[in-house]
Amino acid sequence: MDNIIIIYADGGARGNGSENALGGYGVVMKYKEHIKEISGAVPNVTNNQMELTAVIEALKCLKSDSIPVEVYVDSAYVLNGITSWISGWKKKGWRTASGAKVKNIELWRELDSLVSKQENANFYKVKGHSDDELNNRADLLVNLAMDEYIEKTFEWRLEYWTGLNENQN
């Protein structure tokens, strides 16, 4: 059980569905006694895009394809998509059961490619915002990434506008 890479991946979006949504992803990776955390934030995205991005960014970090990987997500969309729906989508030319184009197709293709490179990758559902320490940490990383993005954007705008005002005087 010690020779397994454990990944907790989470994503979120503030203002999900709106034009100015801000998304973030957070990942906690554990292998033996080593822990790695990654996170990021992106404007104009959806919650589902960030949930997918979290898993993609985690899998990109893997240096081995032969160590078993367990991926824990609180997103039914990601879990069902990668473990169930994706095979049908591919058979139907990346169309859903109703014939519609699969949403977030580029992210799904990238995730499918990364998962297929692993000899043994399994996905598990974990309840979000519960008592799972690593999932809660991934969720915290999502929010910290979005907060940092807002802070940096605000500081840049403040410097920009301050500079404009100084040039006008």
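A residue is called buried here when its relative accessible area is under 20%, exposed when that area is over 50%, and partly exposed in between. With that in hand, let me start with the whole chain, keeping in mind that this is a predicted model. Of the 169 residues in the protein chain, 39% are buried. The accessible surface of the chain comes to about 10,000 Å², and carbon and sulfur atoms account for 49% of that surface.

The chain holds four helices and five strands, and, read from the N terminus, these elements follow one another as β-β-β-α-β-α-α-β-α. If we take the contacts in the chain with a separation of 6 or more, 67% of them join residues 24 or more positions apart.

What surrounds V27, once its neighbours within four places in sequence are set aside? The residues in contact with V27 are I7, Y8, A9, K36, E37, I38, A54, A58 and L141.

Leaving out neighbours within four places in sequence, M29 is in contact with I6, I7, H34, I35, K36, A58, C61 and L62. The C-alpha atoms of M29 and L134 are separated by 8.9 Å, although these two residues are 105 residues apart along the chain.

Which residues of α2 are buried? They are Y77, V78, L79, G81, I82, I86 and W89, and the elements that cover them include α1, β4, α3 and β5 (121-125). As background, an α-helix has 3.6 residues a turn, so residues three or four places apart point the same way. Just after α2 comes G93, which takes a positive phi of about 70 degrees.

The aromatic residues are my next topic, and there are six aromatic pairs in the structure. In one of them, the ring centres of Y72 and Y124 lie 5.2 Å apart with their planes at 25 degrees, so this pair is stacked. Y72 sits in strand β4 and Y124 in strand β5, 52 residues apart, and the pair thus links distant parts of the chain. Are these two tyrosines buried or partly exposed? Y72 is buried, with a relative accessible area of 18%, whereas Y124, at 33% relative accessibility, counts as partly exposed.

A further pair, formed by W89 and W108, is edge-to-face, with 5.1 Å from centre to centre and 70 degrees between the planes. This pair, too, links distant parts of the chain, with W89 in helix α2 and W108 in helix α3, 19 residues apart. W89 has a relative accessible area of 9% and is buried, and W108 counts as buried at 0% relative accessibility.

Finally, two loop residues. K32 has a phi near 50 degrees, a positive value in a residue other than glycine, and lies in the loop between β2 and β3 (34-43); at 38% relative accessibility, K32 counts as partly exposed. N44, found in the loop between β3 and α1, has a positive phi of about 60 degrees although it is not a glycine. At 52% relative accessibility, N44 counts as exposed, because the cut-off for that class is over 50%.

Conventions
Residues are numbered from 1 along each chain as its sequence is written. This is a predicted model: local features need pLDDT of at least 70, side-chain atom pairs count only at pLDDT 80 or more; totals for chains, interfaces and linings use all residues. Side-chain values use heavy atoms; hydrogens and water are left out. Contact means heavy atoms within 4.5 Å. Buried means under 20% relative accessible area, exposed over 50%, partly exposed in between (1.4 Å probe, protein chains only). Rings of Phe, Tyr and Trp (its six-membered ring) pair if their centres lie within 6.5 Å; planes under 30 degrees apart count as stacked, over 60 as edge-to-face and the rest as tilted. Accessible areas come from the Shrake-Rupley method with a 1.4 Å probe; for residues, only the protein chains shown count as cover.
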